[in-house]
Amino acid sequence: MGEVVRWAAFSCALVPAVLLVYGTSFGGAASTALGLAAVTAACRMLLRRAERGAPVPLLPEPAADRPRGAGPLPHRGRHSRTGSGAHRGGRHGVPGTPEG
């Protein structure tokens, strides 16, 4: 992880320098440096947490909505549709035909 953080810190310094060379304002380069530093700090925190083995919750679990002892939620498919019934949008039949 140390090498990754060193490269990230290097890019936090290199990118604003390149932006200044190519004519970006000092304020723009400084805000870019701050943004990159913030992203680097967040990634470093997530990397440390992952190395320690702590679970990183992506979405909160709606425990209050589910009954106690219920198993995992079923997989709802690629686009989270329920069932194979009518879909929104798509092609509509011509009036006067069996589909329309």
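Mentor: Helices are DSSP runs of H or I with at least four residues, numbered from the N terminus. The expected span of a helix is 1.5 Å times one less than its number of residues. This is a predicted model, where local features need pLDDT of at least 70, side-chain atom pairs count only at pLDDT 80 or more, and totals for chains, interfaces and linings use all residues. Residues are numbered from 1 along each chain as its sequence is written, and side-chain values use heavy atoms, with hydrogens and water left out.

Trainee: What does helix 1 reach from its first C-alpha to its last, and what is expected?
Mentor: Helix 1, residues 2-21, has 20 residues and reaches 29 Å, close to the expected 28 Å. Gly23, with a positive phi near 100°, follows helix 1.

Trainee: Why is Thr40 called buried?
Mentor: Buried means under 20% relative accessible area, exposed over 50%, and partly exposed in between (1.4 Å probe, protein chains only). Thr40 has 19%, so Thr40 is buried. Thr40 lies in helix 2.

Trainee: Why does Val15 count as partly exposed?
Mentor: Its relative accessibility is 34%, therefore Val15 is partly exposed. Val15 belongs to helix 1.

Trainee: Which residues is Val15 in contact with, leaving aside its neighbours within four places in sequence?
Mentor: Contact means heavy atoms within 4.5 Å. On that basis, Val15 is in contact with Thr32 and Leu36. Likewise leaving aside neighbours within four places in sequence, Thr40 is in contact with Ala8 and Cys12.

Trainee: Which residues of helix 1 are buried, and what do they pack against?
Mentor: They are Val5, Cys12 and Pro16, and they pack against helix 2 (26-52).

Key
Helix = DSSP H or I, 4+ residues; strand = E, 2+ residues; numbered from the N terminus.
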